Amino acid sequence: MNSARELASDVRESRQTAVQVLEDFLKNIDDKEEDVHAFNVVDRENAIEAAAKIDETLAAGHDPGPLAGVPVALKDNLCTRNLATTCSSRILEGWKPPYDATVVERLRAAGAVIIGKTNLDEFAMGSSTEHSAFGPTHNPHDLARVPGGSSGGSAAAVAAGFAPIALGSDTGGSIRQPAALCGVVGVKPTYGLVSRYGLVAFASSFDQIGPFANDVADAALVLETIGGHDPLDSTSIPSPPPSLSGGLSSGVEGLRVGLVAELLEGIDEDVVEQVHQTADALRAGGAVVDLVSIPAVEYGLTAYYLIAPAEASSNLARYDGVRYGMRAEGNEVAEMNAATRRQGFGDEVIARVMLGTFALSAGYYDAFYGKAQKVRTLTRQDFDSAYAKYDILLSPTSPSVAFRFGERSDPMTMYRCDTCTVPSNLVGDPAISVPYGTGEGGMPVGVQVMAPQLGESQMFRVASFIESQAPKRDAA
């Protein structure tokens with residue numbers, strides 16, 4: 001399969017038209033989407049129209065941009081003008097935003113073609129894409145297994161060849177974990193590097209948008225495209241887009257890499273084996289790799305599952321049956337509000353909203369939410385200490401390869417899927433998952449590379465090297 005870079009080059013050099021490129025991907029969708037269910041909607045007509053306009057732009061002698069004619073799938077919690085944005089929830093079924101998210105505008109400006117909106121765990125709350133109101137997404141490598149979550153539809157779309165690029169959101173690992181389970185590259189940027197304007201909020205101090213791609217270089221190109229300051233997002237870092245592509249082939253000679261000891265505990269042996277092989281490859285490339293302890297990581301999952309639901313309970317209060325989305329009948333406003341939320345939200349969303357409301361309630365705020373925020377601070381301090389000695393940190397991305405549907409019905413077992421990814425969200429640092437080898441059942445394993453804030457350039461450099469050393473795997 002051609003990379004996004006190759007496809008854009010083909011279109012710009014008139015070796016293929018944008019419409020031809022799009023039609024190839026639409027055929028893949030027609031052939032396999034019924035089995036995979038990566039999409040909530042395939043925006044076929046508008047995509048063909050957008051591709052035709054790119055061809056017209058080229059015919060007129062103008063450059064459409066670095067992603068000329070490249071189909072991109074969008075997680076269905078990113079606002080798209082006049083195209084339904086549902087968050088895979090009945091409460092927003094059919095809702096069409098009046099505007100595009102900033103990242104969508106930037107993709108269009110770069111010549112990308114939006115091919116559709118992908119399935120997710122409802123309101124991005126889950127690790128398997130089993131919690132979608134519109135049915136689960138299946139892993140393209142084994143349809144009996146989950147693709148991960150919450151951005152499982154985006155990861156599956158790239159892995160299945162439905163689009164060379166997809167965007168997801170990452171609140172506690174929702175890009176990196178499905179990327180690992182589907183055998184693709186997934187990136188969570190530094191908090192604030194990519195605008196959140198137009199992303200339907202789950203937990204605002206954690207949420208970040210990032211790309212899925214088949215290789216590290218494509219992911220770098222997309223992050224360069226969507227990154228940079230946006231005045232519409234008050235948390236946006238006032239800096240230009242990152243420059244990443246130029247340093248990908250620099251190697252790892254002389255870099256100091258810390259293998260996080262706490263994130264090797266309780267991890268399946270087949271995954272740990274691939275992480276150690278990655279460490280060996282880095283050593284062979286000239287990097288210094290040591291075991292490093294980050295003690296606060298052990299409490300990261302607990303802190304996350306107090307803070308994130310607390311923020312969700314506030315953010316999801318806006319879905320009340322009054323302003324937008326579905327409305328249930330009631331004899332008075334309060335009754336209508338309650339009935340709308342009861343009928344519109346799924347069980348996982350209701351559980352997390354109730355947990356968050358409890359954590360913020362009088363008498364429990366200091367005991368739970370306040371202490372969780374202190375753990376967040378301790379985690380930041382421990383990461384700072386680690387980065388004083390190491391340029392990059394290394395860990396598994398997921399504790400296991402993709403599991404079978406229904407295997408993890410217990411909430412605590414499911415929440416542990418986020419063990420390795422949550423720490424980077426707590427502290428706002430960037431992290432990337434790179435496919436490296438296989439584990440049980442021949443399923444993909446992802447290795448996580450973490451970097452200090454705004455350390456994307458070095459992170460991508462290491463990720464590119466790891467990718468170059470990874471055992472080759474047949475496509476799905």
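Me: Which residues of H3 are called buried, and by what rule?
Reply: Ala47, Ala51, Ile54 and Leu58 are buried in H3, as each has under 20% relative accessible area (1.4 Å probe, protein chains only). The model is predicted: local features need pLDDT of at least 70, side-chain atom pairs 80 or more, while totals for chains, interfaces and linings use all residues. Numbering runs from 1 along each chain as its sequence is written, and side-chain values use heavy atoms, without hydrogens and water.

Me: What puts the buried residues on the same side of H3?
Reply: Ala47, Ala51, Ile54 and Leu58 cover an arc of only 55° around the axis, so they lie on the same side of H3. The face turned away from that side carries Glu45, Glu56 and Ala59, which are exposed (over 50%).

Me: What is the span of H3 set against?
Reply: H3 (residues 44–59, 16 residues) reaches 23 Å from its first C-alpha to its last, close to the expected 22 Å, which is 1.5 Å times one less than the number of residues.

Me: What lines the largest cavity?
Reply: Its lining includes Ala124, Phe202, Tyr304, Arg352 and Asp418, where lining means an atom within 4 Å of a point on a 1 Å grid where a 1.4 Å probe fits but cannot get out. The largest cavity holds about 60 Å³.

Me: How many charged residues line the second largest cavity?
Reply: None: by class its lining has 6 nonpolar and 3 polar residues, with no charged ones, since charged means Asp, Glu, Lys or Arg. Strand S11 (444–450) and helix H6 (176–182) each supply at least two lining residues, and S11 gives the most, with 3.

Conventions:
Helices (H or I, at least four residues) and strands (E, at least two) are DSSP runs, numbered from the N terminus. The arc is that of the directions from the helix axis to the C-beta atoms. On a 1 Å grid over the protein atoms alone, a cavity is a set of points where a 1.4 Å probe fits but cannot get out, and a pocket is an open set with protein on both sides within 12 Å along at least five of seven lines; lining residues have an atom within 4 Å of a point. Grid points are joined across faces, edges and corners, and a volume is the space filled by probe spheres set on the points.
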